Amino acid sequence: MSPDQLLRQMFDRAVEAADPMRSLAQYLPEKPKGRVLVIGAGKASARMAEAVEAAWGPCEGLVITRYGYGRPTQGIEIVEAAHPVPDEAGLQATKRLLALLSGLGPDDFVLALISGGASALLSAPAGEITLAEEQQVNQMLLASGAPIGQMNILRKHISRVKGGQLAAAAYPAKMLALLISDVPGDDPALIGSGPTVGDRSTPEDARAIVKRWHLDVPGSVQRALSGKTGVLQPDDPRLARVSNVIVAAPSQSLEAAARIGRDAGYAVDLLGDDLEGEAREVATEQAALAKNASGPRILMSGGELTVTRRGDGIGGPNAEFSLALALALNGAPGIHAIACDTDGVDGAAEVAGALVGPDTLSRANADGVDPAAALARNDAHSFFAAIDRQVVTGPTLTNVNDFRAILIEG
(Lines give C-alpha, C1' and ligand atoms only; values in the text may rest on other atoms or scores of the structure.)
Protein backbone atom coordinates (compact mmCIF):
# COMPACT_ATOMS: atom_id res chain seq x y z
CA MET A 1 0.00 0.00 0.00
CA SER A 2 1.38 3.42 -0.97
CA PRO A 3 1.61 6.20 1.64
CA ASP A 4 -1.25 8.03 -0.09
CA GLN A 5 -3.43 4.93 0.01
CA LEU A 6 -2.70 4.33 3.68
CA LEU A 7 -3.44 7.95 4.63
CA ARG A 8 -6.69 7.91 2.69
CA GLN A 9 -7.69 4.60 4.30
CA MET A 10 -7.04 6.12 7.73
CA PHE A 11 -9.19 9.14 6.94
CA ASP A 12 -12.01 6.95 5.61
CA ARG A 13 -11.87 4.88 8.80
CA ALA A 14 -12.10 8.03 10.93
CA VAL A 15 -15.24 9.05 9.05
CA GLU A 16 -16.72 5.56 9.31
CA ALA A 17 -16.18 5.46 13.08
CA ALA A 18 -18.32 8.59 13.45
CA ASP A 19 -21.20 7.35 11.28
CA PRO A 20 -24.40 7.72 13.35
CA MET A 21 -25.64 4.41 11.94
CA ARG A 22 -22.77 2.78 13.85
CA SER A 23 -22.61 4.94 16.98
CA LEU A 24 -26.07 6.24 17.85
CA ALA A 25 -28.31 3.26 18.64
CA GLN A 26 -26.45 2.32 21.83
CA TYR A 27 -27.39 5.68 23.35
CA LEU A 28 -31.12 5.39 22.63
CA PRO A 29 -33.47 4.32 25.41
CA GLU A 30 -36.53 2.27 24.63
CA LYS A 31 -38.98 4.40 22.71
CA PRO A 32 -41.03 6.25 25.35
CA LYS A 33 -44.79 5.88 25.65
CA GLY A 34 -46.86 8.88 24.74
CA ARG A 35 -45.93 11.59 22.28
CA VAL A 36 -42.37 11.45 20.95
CA LEU A 37 -41.02 14.30 18.86
CA VAL A 38 -37.66 14.13 17.06
CA ILE A 39 -35.98 17.42 16.17
CA GLY A 40 -32.47 18.35 15.17
CA ALA A 41 -30.01 20.32 13.12
CA GLY A 42 -26.52 19.83 11.75
CA LYS A 43 -24.63 18.19 8.93
CA ALA A 44 -25.07 14.77 10.56
CA SER A 45 -28.65 15.29 11.74
CA ALA A 46 -30.42 13.58 8.83
CA ARG A 47 -28.21 10.51 9.18
CA MET A 48 -28.89 10.60 12.93
CA ALA A 49 -32.62 10.69 12.22
CA GLU A 50 -32.22 7.72 9.88
CA ALA A 51 -30.44 5.83 12.68
CA VAL A 52 -33.19 6.69 15.17
CA GLU A 53 -35.91 5.31 12.92
CA ALA A 54 -33.84 2.19 12.23
CA ALA A 55 -34.13 1.52 15.99
CA TRP A 56 -37.52 3.02 16.86
CA GLY A 57 -39.48 2.85 13.62
CA PRO A 58 -41.35 5.85 12.13
CA CYS A 59 -41.27 9.00 14.27
CA GLU A 60 -42.83 12.44 14.18
CA GLY A 61 -40.41 15.30 13.78
CA LEU A 62 -38.26 17.63 11.72
CA VAL A 63 -34.51 18.03 11.34
CA ILE A 64 -32.53 20.58 9.34
CA THR A 65 -29.40 19.56 7.49
CA ARG A 66 -27.05 20.95 4.87
CA TYR A 67 -27.94 20.87 1.19
CA GLY A 68 -26.99 17.46 -0.17
CA TYR A 69 -26.95 15.81 3.28
CA GLY A 70 -30.56 14.61 3.35
CA ARG A 71 -31.39 10.96 4.03
CA PRO A 72 -34.45 8.75 3.47
CA THR A 73 -36.60 8.69 6.60
CA GLN A 74 -39.94 7.10 7.43
CA GLY A 75 -41.73 9.81 9.38
CA ILE A 76 -39.22 12.51 10.34
CA GLU A 77 -39.20 15.37 7.84
CA ILE A 78 -35.79 16.37 6.51
CA VAL A 79 -35.29 19.99 5.43
CA GLU A 80 -32.10 21.02 3.64
CA ALA A 81 -30.68 24.52 4.09
CA ALA A 82 -27.46 26.48 3.67
CA HIS A 83 -24.20 26.14 5.57
CA PRO A 84 -21.92 27.85 6.66
CA VAL A 85 -24.01 30.98 6.05
CA PRO A 86 -27.74 30.63 6.86
CA ASP A 87 -30.45 31.15 4.26
CA GLU A 88 -34.21 31.57 3.97
CA ALA A 89 -34.81 27.81 3.94
CA GLY A 90 -33.08 27.46 7.31
CA LEU A 91 -34.98 30.46 8.71
CA GLN A 92 -38.37 29.05 7.72
CA ALA A 93 -37.51 25.52 8.87
CA THR A 94 -36.44 26.83 12.27
CA LYS A 95 -39.76 28.64 12.63
CA ARG A 96 -41.58 25.37 11.89
CA LEU A 97 -39.38 23.48 14.34
CA LEU A 98 -40.18 25.97 17.11
CA ALA A 99 -43.89 25.66 16.29
CA LEU A 100 -43.66 21.89 16.77
CA LEU A 101 -42.22 22.43 20.25
CA SER A 102 -44.87 24.89 21.39
CA GLY A 103 -47.51 23.55 23.73
CA LEU A 104 -45.69 20.37 24.80
CA GLY A 105 -46.51 18.98 28.23
CA PRO A 106 -44.54 17.20 30.97
CA ASP A 107 -45.52 13.76 29.64
CA ASP A 108 -44.12 14.47 26.16
CA PHE A 109 -40.61 13.41 25.09
CA VAL A 110 -38.29 15.29 22.72
CA LEU A 111 -35.25 13.68 21.14
CA ALA A 112 -32.88 16.38 19.84
CA LEU A 113 -30.20 15.42 17.31
CA ILE A 114 -27.44 18.04 17.19
CA SER A 115 -24.19 18.05 15.23
CA GLY A 116 -21.73 20.54 13.80
CA GLY A 117 -23.37 22.91 11.36
CA ALA A 118 -26.38 23.56 13.57
CA SER A 119 -25.13 27.09 14.26
CA ALA A 120 -25.93 28.09 10.67
CA LEU A 121 -28.82 25.71 10.01
CA LEU A 122 -30.83 26.85 13.05
CA SER A 123 -31.59 30.41 12.00
CA ALA A 124 -33.71 32.55 14.31
CA PRO A 125 -32.17 36.03 14.70
CA ALA A 126 -32.89 37.85 17.95
CA GLY A 127 -34.59 41.21 18.25
CA GLU A 128 -34.82 43.18 15.04
CA ILE A 129 -31.86 41.44 13.36
CA THR A 130 -32.74 40.39 9.81
CA LEU A 131 -31.62 37.27 7.99
CA ALA A 132 -29.38 39.41 5.78
CA GLU A 133 -27.71 40.89 8.86
CA GLU A 134 -27.29 37.45 10.43
CA GLN A 135 -25.65 36.32 7.19
CA GLN A 136 -23.36 39.33 7.30
CA VAL A 137 -22.23 38.53 10.85
CA ASN A 138 -21.57 34.89 9.94
CA GLN A 139 -19.47 35.91 6.95
CA MET A 140 -17.46 38.30 9.14
CA LEU A 141 -16.83 35.59 11.72
CA LEU A 142 -15.74 33.05 9.12
CA ALA A 143 -13.21 35.51 7.69
CA SER A 144 -11.97 36.81 11.06
CA GLY A 145 -9.81 33.91 12.20
CA ALA A 146 -11.68 33.77 15.51
CA PRO A 147 -11.69 30.34 17.22
CA ILE A 148 -14.97 28.41 17.25
CA GLY A 149 -15.62 29.11 20.92
CA GLN A 150 -15.52 32.86 20.32
CA MET A 151 -17.69 32.59 17.20
CA ASN A 152 -20.33 30.62 19.04
CA ILE A 153 -20.58 32.99 22.00
CA LEU A 154 -21.50 35.81 19.63
CA ARG A 155 -23.85 33.58 17.65
CA LYS A 156 -25.70 32.59 20.83
CA HIS A 157 -26.38 36.12 21.97
CA ILE A 158 -27.91 37.22 18.65
CA SER A 159 -30.16 34.15 18.38
CA ARG A 160 -33.52 32.96 19.72
CA VAL A 161 -32.59 29.25 19.65
CA LYS A 162 -28.94 28.91 20.65
CA GLY A 163 -27.48 28.84 24.17
CA GLY A 164 -30.19 26.58 25.61
CA GLN A 165 -33.10 28.44 24.06
CA LEU A 166 -34.21 25.52 21.86
CA ALA A 167 -34.54 23.32 24.95
CA ALA A 168 -36.42 26.08 26.75
CA ALA A 169 -38.92 26.14 23.89
CA ALA A 170 -39.73 22.47 24.58
CA TYR A 171 -40.16 22.90 28.36
CA PRO A 172 -41.81 21.24 30.33
CA ALA A 173 -41.33 18.21 28.07
CA LYS A 174 -38.48 15.83 28.85
CA MET A 175 -35.59 16.10 26.37
CA LEU A 176 -32.68 13.85 25.46
CA ALA A 177 -30.13 15.60 23.22
CA LEU A 178 -27.73 13.33 21.33
CA LEU A 179 -24.67 15.23 20.12
CA ILE A 180 -21.90 14.57 17.61
CA SER A 181 -18.94 16.68 18.64
CA ASP A 182 -17.02 18.77 16.15
CA VAL A 183 -15.42 21.11 18.69
CA PRO A 184 -12.14 21.07 20.62
CA GLY A 185 -12.69 19.63 24.06
CA ASP A 186 -16.13 18.18 23.19
CA ASP A 187 -17.91 20.89 25.18
CA PRO A 188 -21.68 20.38 24.58
CA ALA A 189 -22.19 24.13 24.96
CA LEU A 190 -20.09 24.70 21.83
CA ILE A 191 -21.56 22.02 19.56
CA GLY A 192 -23.89 23.84 17.18
CA SER A 193 -23.76 26.83 19.56
CA GLY A 194 -25.42 24.75 22.28
CA PRO A 195 -29.15 24.96 21.48
CA THR A 196 -29.91 22.52 24.33
CA VAL A 197 -27.17 23.65 26.76
CA GLY A 198 -26.97 26.65 29.08
CA ASP A 199 -24.06 29.08 28.94
CA ARG A 200 -22.55 31.47 31.48
CA SER A 201 -21.34 33.94 28.85
CA THR A 202 -22.89 37.41 28.84
CA PRO A 203 -23.82 40.05 26.28
CA GLU A 204 -20.73 41.90 27.50
CA ASP A 205 -18.63 38.88 26.46
CA ALA A 206 -20.24 38.98 23.04
CA ARG A 207 -19.52 42.71 22.70
CA ALA A 208 -15.89 42.05 23.63
CA ILE A 209 -15.65 39.50 20.81
CA VAL A 210 -17.01 42.05 18.34
CA LYS A 211 -14.31 44.46 19.47
CA ARG A 212 -11.50 41.88 19.67
CA TRP A 213 -12.02 40.64 16.11
CA HIS A 214 -12.82 44.07 14.62
CA LEU A 215 -16.30 43.09 13.43
CA ASP A 216 -18.29 45.93 11.88
CA VAL A 217 -21.65 44.55 12.96
CA PRO A 218 -24.97 46.19 12.03
CA GLY A 219 -26.78 48.48 14.44
CA SER A 220 -29.46 45.87 15.09
CA VAL A 221 -26.78 43.50 16.42
CA GLN A 222 -25.32 46.21 18.62
CA ARG A 223 -28.77 46.89 20.05
CA ALA A 224 -29.43 43.18 20.65
CA LEU A 225 -26.20 42.98 22.64
CA SER A 226 -26.82 46.16 24.63
CA GLY A 227 -29.15 44.50 27.14
CA LYS A 228 -30.21 41.08 28.37
CA THR A 229 -30.29 38.33 25.74
CA GLY A 230 -32.15 35.02 25.68
CA VAL A 231 -29.14 32.80 26.46
CA LEU A 232 -29.95 30.58 29.44
CA GLN A 233 -27.72 30.06 32.47
CA PRO A 234 -26.82 26.38 33.04
CA ASP A 235 -28.96 26.25 36.21
CA ASP A 236 -32.06 27.67 34.53
CA PRO A 237 -35.06 25.55 35.64
CA ARG A 238 -36.17 25.18 32.00
CA LEU A 239 -33.07 23.01 31.45
CA ALA A 240 -33.75 20.73 34.42
CA ARG A 241 -35.43 18.06 32.26
CA VAL A 242 -32.71 18.01 29.57
CA SER A 243 -29.95 15.40 29.25
CA ASN A 244 -27.08 16.02 26.81
CA VAL A 245 -25.10 12.99 25.63
CA ILE A 246 -22.18 12.90 23.15
CA VAL A 247 -22.47 9.87 20.84
CA ALA A 248 -19.41 10.46 18.65
CA ALA A 249 -16.28 12.54 19.15
CA PRO A 250 -12.97 13.28 17.38
CA SER A 251 -10.93 11.17 19.81
CA GLN A 252 -12.85 8.03 18.83
CA SER A 253 -12.27 8.62 15.13
CA LEU A 254 -8.58 9.37 15.57
CA GLU A 255 -8.07 6.19 17.57
CA ALA A 256 -9.89 4.12 14.94
CA ALA A 257 -7.62 5.57 12.25
CA ALA A 258 -4.53 5.09 14.42
CA ARG A 259 -5.20 1.37 14.61
CA ILE A 260 -4.89 1.14 10.82
CA GLY A 261 -1.55 2.97 10.96
CA ARG A 262 -0.23 0.69 13.69
CA ASP A 263 -1.38 -2.41 11.81
CA ALA A 264 0.61 -1.17 8.82
CA GLY A 265 3.78 -1.08 10.93
CA TYR A 266 3.95 2.59 11.93
CA ALA A 267 4.38 4.11 15.36
CA VAL A 268 1.56 6.62 15.86
CA ASP A 269 1.96 9.83 17.85
CA LEU A 270 -1.27 11.67 18.70
CA LEU A 271 -0.55 15.40 18.89
CA GLY A 272 -4.03 16.13 20.25
CA ASP A 273 -7.66 15.87 19.19
CA ASP A 274 -8.43 19.47 20.14
CA LEU A 275 -5.86 21.64 18.36
CA GLU A 276 -6.80 25.23 17.54
CA GLY A 277 -4.94 28.10 15.90
CA GLU A 278 -4.09 29.52 12.51
CA ALA A 279 -3.86 26.69 9.98
CA ARG A 280 -0.63 27.92 8.41
CA GLU A 281 1.08 28.37 11.78
CA VAL A 282 0.12 24.90 13.00
CA ALA A 283 1.35 23.50 9.68
CA THR A 284 4.76 25.11 10.17
CA GLU A 285 5.01 23.64 13.68
CA GLN A 286 4.04 20.16 12.54
CA ALA A 287 6.39 20.28 9.56
CA ALA A 288 9.27 20.87 11.99
CA LEU A 289 8.15 17.92 14.08
CA ALA A 290 7.94 15.70 11.02
CA LYS A 291 11.39 16.64 9.73
CA ASN A 292 12.91 15.80 13.13
CA ALA A 293 10.98 12.55 13.63
CA SER A 294 12.31 9.09 12.88
CA GLY A 295 10.18 6.74 10.82
CA PRO A 296 8.25 4.71 10.23
CA ARG A 297 5.92 7.03 12.16
CA ILE A 298 2.63 8.85 11.75
CA LEU A 299 1.81 12.14 13.50
CA MET A 300 -1.96 12.56 13.95
CA SER A 301 -4.08 15.44 15.16
CA GLY A 302 -7.63 16.73 15.21
CA GLY A 303 -9.42 19.86 16.37
CA GLU A 304 -10.53 22.94 14.49
CA LEU A 305 -8.02 25.26 12.87
CA THR A 306 -8.90 28.69 11.55
CA VAL A 307 -8.01 30.89 8.61
CA THR A 308 -7.76 34.66 8.78
CA ARG A 309 -8.94 35.67 5.35
CA ARG A 310 -6.48 38.02 3.65
CA GLY A 311 -7.03 37.25 -0.02
CA ASP A 312 -9.81 36.47 -2.46
CA GLY A 313 -9.09 32.79 -3.10
CA ILE A 314 -11.00 29.58 -2.43
CA GLY A 315 -9.70 27.93 0.69
CA GLY A 316 -10.44 26.22 3.96
CA PRO A 317 -8.49 25.31 7.11
CA ASN A 318 -7.45 21.84 5.92
CA ALA A 319 -6.37 22.93 2.46
CA GLU A 320 -4.52 25.92 3.89
CA PHE A 321 -2.80 23.65 6.43
CA SER A 322 -1.80 21.31 3.61
CA LEU A 323 -0.39 24.08 1.43
CA ALA A 324 1.53 25.68 4.30
CA LEU A 325 2.82 22.23 5.27
CA ALA A 326 4.07 21.55 1.75
CA LEU A 327 5.91 24.87 1.71
CA ALA A 328 7.46 24.24 5.13
CA LEU A 329 8.52 20.69 4.20
CA ASN A 330 9.97 21.98 0.91
CA GLY A 331 10.07 18.54 -0.69
CA ALA A 332 11.54 16.73 2.30
CA PRO A 333 11.93 13.10 1.22
CA GLY A 334 9.74 10.37 2.68
CA ILE A 335 7.11 12.66 4.25
CA HIS A 336 3.48 12.47 3.14
CA ALA A 337 0.35 13.99 4.68
CA ILE A 338 -3.41 14.28 4.51
CA ALA A 339 -5.61 16.98 6.02
CA CYS A 340 -9.39 16.76 5.61
CA ASP A 341 -12.61 17.78 7.28
CA THR A 342 -14.60 14.72 8.29
CA ASP A 343 -17.83 16.29 7.02
CA GLY A 344 -16.44 16.34 3.48
CA VAL A 345 -16.54 20.15 3.28
CA ASP A 346 -13.45 22.26 3.98
CA GLY A 347 -14.48 25.87 4.41
CA ALA A 348 -17.25 26.54 1.91
CA ALA A 349 -15.80 24.28 -0.82
CA GLU A 350 -17.27 20.88 -1.67
CA VAL A 351 -13.82 19.38 -1.05
CA ALA A 352 -12.74 17.52 2.10
CA GLY A 353 -9.06 18.53 1.94
CA ALA A 354 -5.81 17.55 0.26
CA LEU A 355 -2.86 15.17 0.09
CA VAL A 356 0.76 16.33 0.36
CA GLY A 357 3.93 14.50 -0.67
CA PRO A 358 7.59 15.12 -1.44
CA ASP A 359 6.58 15.94 -5.03
CA THR A 360 3.90 18.55 -4.22
CA LEU A 361 6.04 21.60 -4.99
CA SER A 362 7.70 20.02 -8.05
CA ARG A 363 4.26 19.14 -9.45
CA ALA A 364 3.18 22.73 -8.91
CA ASN A 365 6.31 24.02 -10.62
CA ALA A 366 5.71 21.73 -13.60
CA ASP A 367 2.13 22.99 -13.88
CA GLY A 368 3.13 26.65 -13.53
CA VAL A 369 1.38 27.10 -10.17
CA ASP A 370 2.93 29.34 -7.50
CA PRO A 371 2.31 27.84 -4.02
CA ALA A 372 3.46 30.91 -2.07
CA ALA A 373 1.14 33.17 -4.09
CA ALA A 374 -1.73 30.75 -3.58
CA LEU A 375 -1.18 30.77 0.17
CA ALA A 376 -1.04 34.57 0.23
CA ARG A 377 -4.43 34.66 -1.55
CA ASN A 378 -5.97 31.97 0.71
CA ASP A 379 -6.40 30.01 -2.51
CA ALA A 380 -5.34 26.55 -1.36
CA HIS A 381 -8.25 24.69 -2.93
CA SER A 382 -7.42 26.09 -6.35
CA PHE A 383 -3.78 25.13 -5.83
CA PHE A 384 -4.54 21.49 -5.04
CA ALA A 385 -7.12 21.29 -7.81
CA ALA A 386 -4.47 22.43 -10.29
CA ILE A 387 -2.07 19.64 -9.28
CA ASP A 388 -4.82 17.01 -8.85
CA ARG A 389 -4.25 16.42 -5.13
CA GLN A 390 -7.65 17.23 -3.69
CA VAL A 391 -9.59 14.76 -1.56
CA VAL A 392 -13.25 14.79 -2.62
CA THR A 393 -15.65 12.56 -0.69
CA GLY A 394 -19.09 14.05 -1.23
CA PRO A 395 -21.40 14.23 1.81
CA THR A 396 -20.00 12.00 4.59
CA LEU A 397 -23.18 12.40 6.72
CA THR A 398 -21.18 13.01 9.88
CA ASN A 399 -18.87 15.65 11.35
CA VAL A 400 -16.13 15.24 13.97
CA ASN A 401 -14.04 18.04 12.50
CA ASP A 402 -10.47 18.07 11.20
CA PHE A 403 -8.38 14.97 10.55
CA ARG A 404 -4.65 15.38 9.97
CA ALA A 405 -1.99 12.71 9.56
CA ILE A 406 1.68 13.14 8.58
CA LEU A 407 3.43 9.93 7.56
CA ILE A 408 7.22 9.64 7.86
CA GLU A 409 8.63 6.67 5.98
CA GLY A 410 11.35 4.55 7.60
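**Backbone exceptions in a predicted model**

Asp186 is partly exposed, at a relative accessible area of 22% (partly exposed lies between buried, under 20%, and exposed, over 50%, with a 1.4 Å probe and protein chains only). This is a predicted model, in which local features need pLDDT of at least 70, side-chain atom pairs count only at pLDDT 80 or more, and totals for chains, interfaces and linings use all residues. Residues are numbered from 1 along each chain as its sequence is written, and side-chain values use heavy atoms, with hydrogens and water left out.

Positive phi
- Asp186 is not a glycine, yet its phi is positive, at about 55°.
- The loop that holds Asp186 runs between strand 5 and helix 9 (203–212); helices (H or I, at least four residues) and strands (E, at least two) are DSSP runs numbered from the N terminus.
- Leu397, a residue other than glycine, also has a positive phi, near 70°.
- Leu397 sits in the loop between strand 12 (390–391) and strand 13 (402–408).
- With 12% relative accessibility, Leu397 counts as buried, whereas Asp186 is partly exposed.

Cis peptide bonds
- Tyr171 and Pro172 are joined by a cis peptide bond with omega of about 15°.
- Pro172 belongs to the loop between helix 8 (165–170) and strand 5 (174–180).
- Between Gly295 and Pro296 the peptide bond is cis, with omega of about 0°.
- Pro296 is in the loop that links helix 12 (279–292) and strand 9 (297–306).
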